[in-house]
Amino acid sequence: MRKIPIYAHPAAGWPALVASTRKLMDYKAFLRGSLSVLMSNQPNGGFDCPGCAWPDHKTHKTLDVCETGFKVIASETMSTKADAAFFAKNTVTALQSWTGYELEHSGRLSEPMAYNAAQDRYVPISWDAAFERIATELNRLDSPDEALFYTSGRVTNEPAFLYQLFVRLFGTNNMPDCSNMCHEPTSVMLGRQLGVGKATVMLEDFEQARLIIMFGQNPATNHPRMLEMLAHAHKQGCKILSVNPMREQGLSAFRNPQKPAHMAAGQSDDLVDDVIQIQIGGDAALLTGIAKWLIENDKINTDFISQHTSGFEPLKQWLMAQSWTDIERGSGIEQAQIIEVARMVADSPATICTWGMGITQHVQGDDNVAMITNLLLLMGMIGIEGAGASPVRGHSNVQGDRTMGVHERPDAKLLDSLERVFKQPMPREDGFDVVAGAKALIAGKLKAFVSMGGNYAVAAPDKSAIQQALTTTRLNVFVATKLNGTMLHPGANNIILPCISRTEKIITSKGEQFVTTEDSMCQIARSKGNLRPISDHLKSEVQIVADMATHVLGDKFDIPWQQMGEDFDIIRDYVAEAIEGFDNFNYRVRAADRGFHLYHPARHRVWNTDSKKAQFEVPQYPITFVVEQMATRTSALNHSDNNAMNKQNNKQQVWQLTSVRSHDQFNTMIFGYKDRYRQTDRRDVLFMHPDEMSRIGFSKGDTVQITRETSNGEKRVLGPLVLTEMDIAANAVATYYPECNDLFDLDTKAPDSHIPAYKSATVVLEKISQVKQSSREKVVEDLSSAVPA
C-alpha cells in the first residue's frame, strides 16, 4: 500500500515545547510544575520522572524531561484539589458518567475519604478510622486469599518491598501488578530462556550497536527520551528498523529540544531506515522467516550456540518445517523483503532487539518474545557490547516492583530469603494475577480489593464486569494521587487514601527521605521530590503501608513497621539482606550520582536457567494463527443469512483490531484529546488505511461500529466510531485504549504469561447511520460506557 504522510514535521521540537507549556497551564500547575520539571531525572536531589522507564544518561542535562514527562508532572503538580468540597458537590453516581479526561482533571486527592451510601458521596474520614475499618474488614475474611492486593508500576522500591512483606505476612500471594497487563511475556520468556526476565543491555550499548530492530514500539508517544538515543545511534552509522503494523509518523525524524542551535535552525535527525509493516500479529512469522534463512545459509554463530545454548535442534527442525508460503501469509511480508532483513542481521556485528507492548499483548505474546530471544541467541548477541535484548517498560518502576517481590508467582528462592530475614513462614501457593483476580472478583470469590496506585478495572479487559463486581465486595481500598474510574463503583466499604506524589517532599521525624527506582535497564537510582505536598493530610506510600500493617497485623510479628515508615534506610537495609544484588544498598545508592546497575548474569553469559544454558524455545502457536482466526470468522459470516447484502456488495467485514494509546495520554490517564502525530483531536475514532477505505467503499468521516465475538461466543459492540486515516497495514484497524477494553475478554490471553490480547482481536466492521458529530472544540463523549451487547 502507498505511504501516507499525515504528520510531516519532525518528532519533538517546537510543537512539543509548546504543547508541554500549554499542559502546565491547562492543569493550573505552571509554577509548581515548572519547579518540578527542573528537578526531573536530575542526580543529587532530583526525582525519577513517572512518565516512563527509559534510563537516564550519565551525562548531566539542565532540563532532562520529555513531552510525556511534562504532562505527567503537570498532572501530579496541579493546584486543583479533589477534596471534601469537591466530593460534596458530586455524587458517585454522577461521577460515573465523567470522561477519563474529566476525572484526570478533577484535582489532586488531598484527604482520606470513605464512601457514604446514604449520601452516595465520598465523605472525609480520619486516617486512624480508615485504618481501623481496613483492619476490621481484612481480619474478618474467612481466608487471606479472599483479598486481592494490586500494585501499579509507579510505586517505588521502598513501599513496594514493605507492601509485599505486609501482604505475605497477612497470608496470601494474591499480588497482581500492571506487569500482568503489559510485559508479562517478557518476564516469563526471558526468565525461561536467559535466566532473568529483564533487559540484557545498558544504555551505553545503544551507542555501539550497528543494527537496532524495534518491534511493536512507538517511542515518540510512549517514551520520547528514547528518540535522542536512536538519533545518536543512527548518526553513528547504526541501521534502525521498525517492525510495526503502523507507520508511526513520530519515527520519521527527530528535532532535539536539548540542542538550541538545532531547534533554531529547524534541523532534524533521521531515525528509522525502514519500516517493516507487518500485519497485526505477524511478528513471530517474520522472525521465523529471518531465522529460517539464517540457518539455511549458515549465517548463525555455531560456536556460541554449542557452548552456551540448549534446545537448538528442536527449534531448527521446527523452523525448517515452516513453508515460505505460510511465513508470507502469517507476516504479511514478501519473502524477498524478509531475506533482506535477514541479510542485515547476518552482517551486523552488534544487534539490539528492542520491543514494547506491540509484541507482548497478544495471545501469541509469549511466542513473540521467545522468537526475538531465539534470533539473538542464533547470532550470539547476548553478552557482548552493543547487543542484546531491550524490552522497554512503561511505568517508571514496574520492573523495580517485581525485583522487590511484588509477584503473584514468586520463586522459592525469594520466599526462602524472606523467611530467613524475617523469621516467619511465607505463603507458597501461587496467587491471582490480573486476569485470574478479575475473574475471581466477577465470580464473587473475593471480598476485599486493595490497590497501590493504578486504575485496575479500567485498564483490564471486561472493565464493566469488574466495576460491577467491585460493588459486591466488603472492602475496596485505593492508595492514590488522583481520582479514577475504578474508585467509582463502591462496595460496602470504599476508602481512598491520598499519598504524596513523586514530585513532593517526604519529611518525617527522621528528616527528609528519598526513595529508589529501577529503570528498564536495571539501574537503581535515588528519587526525591522538591515540592511541599499539596495538602497537609497526605502520607507517603511507605507510611500508609506501615500504618496498614500495624493495624491489620497488630503485634503478631516482631517487625518495626513504624520505624520503617519514619526511616527508609531501615527498609533498604532489609532489602539488602533479602533481595539478591542489593548488598550495601544504602551506601551504593548514595555513592554515585546515578546509583548502581544490578548485576545481570546473562549479560556476562551466566545462565540461571534449569539447564544452566540459554534456552531456545519452539513457538506454541502456528505462525498463521491470526490469519486463520480471520478466515474462520469470515467463513462463519459467509454462512449467515444476515450478511447477504454485504456479500452481494463484496465488502470485507472481518478485520484485525489493535488498541493504541494517543500522544495525549499515559496508560489510562487522559491528558487531552489531541493526538498530534495522528492528526486527530478526538478519541471516538477507528483508524484505517485510506486505500482500504476506498477498497471497501468507505470514506474518511464515516460512522462505523465494530463487533467482536469473545472466546465463549458472546458478542460485544463498540461504537459509534469515526473512520480516520492512518498508515496501517492491510486488513487492520485500530482504536484507542482504554475505551475499547470491553471488547476484550479475560479468557483471550497468552498461555504461560496470561497477558490479555489487547493488540490483536478479530472484529466485524460495519457502517452505521450517520450521527451528529461533536465539534473540535467540544469534549467528545467517553466511550468507556460501551458494554457487552
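Which helix does Ala457 lie in? The answer is helix H24, which covers residues 456–459; helices here are DSSP runs (H or I) of at least four residues and strands (E) are runs of at least two, numbered from the N terminus. The model is a predicted one, so local features need pLDDT of at least 70 and side-chain atom pairs count only at pLDDT 80 or more, while totals for chains, interfaces and linings use all residues. Residues are numbered from 1 along each chain as its sequence is written, and side-chain values use heavy atoms, with hydrogens and water left out.

Back to Ala457: this residue is buried, with a relative accessible area of 0% (buried means under 20%, exposed over 50% and partly exposed in between, using a 1.4 Å probe and protein chains only). Setting aside residues up to four places away in sequence, Ala457 touches Lys463, Ile466, Gln467, Leu470 and Thr486, where contact means heavy atoms within 4.5 Å. Its C-alpha atom is 29 Å from that of Ser20, a residue 437 places away along the chain.

Next comes a pair of helices. H23 (residues 434–442) and H25 (residues 463–470) pack with their axes 8 Å apart and at an angle of about 55°; axes are lines fitted to C-alpha atoms over the stretch in contact, and angles run from 0 to 180 degrees between N-to-C directions. That angle makes H23 oblique to H25 (under 35 degrees is roughly parallel, over 145 roughly antiparallel, 65 to 115 roughly perpendicular and the rest oblique). On the H23 side, Ala438, Leu441 and Ile442 meet Ala465, Ile466, Ala469 and Leu470 of H25. The contact residues divide into seven nonpolar, no polar and no charged; Ala, Val, Leu, Ile, Met, Phe, Trp, Tyr, Cys and Pro count as nonpolar, Asp, Glu, Lys and Arg as charged, and the others, Gly among them, as polar.

Then there are the charged pairs. Searching the whole structure turns up 40 salt bridges, each a side-chain nitrogen of Lys or Arg within 4 Å of a carboxyl oxygen of Asp or Glu. In one of them, Asp56 pairs with Arg225, with the closest N and O atoms 3.0 Å apart. Asp56 sits in the loop between helices H2 (30–37) and H3 (67–77) and Arg225 in helix H12 (residues 225–235), so this pair ties together parts 169 residues apart in sequence. Arg225 is buried, at 13% relative accessible area. Another salt bridge joins Asp664 to Lys71, at 2.9 Å between the closest N and O atoms. Here the two partners are 593 residues apart, with Asp664 in the loop between strands E24 (654–660) and E25 (665–666) and Lys71 in helix H3. Both Asp664 and Lys71 are buried. There is also a network of salt bridges linking Asp177, Glu184, Arg402, Glu408 and Arg409.

Most residues other than glycine have a negative phi, and most peptide bonds are trans. Even so, a cis peptide bond joins Gly719 and Pro720, with omega about 5°, and Pro720 is part of strand E29 (residues 715–725). The bond from Tyr737 to Pro738 is cis too, with omega near 5°. As for phi, Lys423 has a positive value near 55°, and this residue is exposed at 66% relative accessibility. Asn667, not a glycine either, has a positive phi of about 55°.
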